[in-house]
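Hi everyone, thanks for coming.

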Amino acid sequence: MKIAFGCDPNAADLKLALIAKAQQLGHEVKDFGAEDPIYANTAVAVAKAVAAGEFDRGVLVCGTGIGVSIAANKVKGAYCACVTDIYQAQRATLSNNANLIAMGSQVVGVKSAEMFLEEYLKYTFDPASRSGAKVARICEFERED
């Protein structure tokens, strides 16, 4: 799987740990950087690349995960879930078909974040599941604009 990573300067250490974990799991990664203090710029760049199909998934990190998640979700075709536990990481894919996740470097520790990443990446969304119609409706809202 090809995975895009990005963060703000305060979350660079966690992002690097997550990149190493993804590589250890056998995934191809691209680092979109950590230099821009305006985290929305990096989050949107990652989200655009994922929404365009250049990457299968994206991972964003800031202090809380909230800011990068909000920014990413402004991109049409980007569906970013902010995760803080294993269940949310699983359901981001299984229930919501999230193509990006966000985490907070001041909210979760490195080992927890690595577990969340591994859980998020090991699942595939099934459009025939009971969540299929719900996710389809979310996608329809983009086309109504």
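This is a predicted model: local features need pLDDT of at least 70, side-chain atom pairs count only at pLDDT 80 or more; totals for chains, interfaces and linings use all residues.

Residues are numbered from 1 along each chain as its sequence is written, and side-chain values use heavy atoms, leaving out hydrogens and water.

Helices here are DSSP runs of H or I with at least four residues, strands are E runs of at least two, and both are numbered from the N terminus. Two packed helices are described by the angle between their axes and the distance between the axes. The axes are lines fitted to C-alpha atoms, for helices over the stretch in contact, with angles from 0 to 180 degrees between N-to-C directions.

Now, the first pair. Helix α4 (residues 86-94) and helix α5 (residues 110-121) have axes that come within 8 Å and cross at roughly 25°. That makes α4 roughly parallel to α5, because angles under 35 degrees count as roughly parallel, over 145 as roughly antiparallel, 65 to 115 as roughly perpendicular and the rest as oblique. Who meets whom? On the α4 side we have I86, A89, Q90, A92 and T93, facing M115, F116, E119 and Y120 in α5. These residues divide into six nonpolar, two polar and one charged; Ala, Val, Leu, Ile, Met, Phe, Trp, Tyr, Cys and Pro count as nonpolar, Asp, Glu, Lys and Arg as charged, and the others, Gly among them, as polar.

On to the second pair: α5 also packs with helix α1 (residues 12-24), at an angle of about 45° and with the axes 10 Å apart. α1 and α5 are therefore oblique to each other. From α1, L14, A17, L18, K21 and A22 meet V110, A113, E114, L117 and E118 of α5. By class, that contact has seven nonpolar, no polar and three charged residues.

A quick stop at E28, which sits in strand β2 (residues 28-31). Setting aside neighbours within four places in sequence, E28 is in contact with M1, K2 and I3. E28 and V50 lie 22 residues apart in sequence and 14 Å apart in space, C-alpha to C-alpha.

Conventions. Contact means heavy atoms within 4.5 Å.
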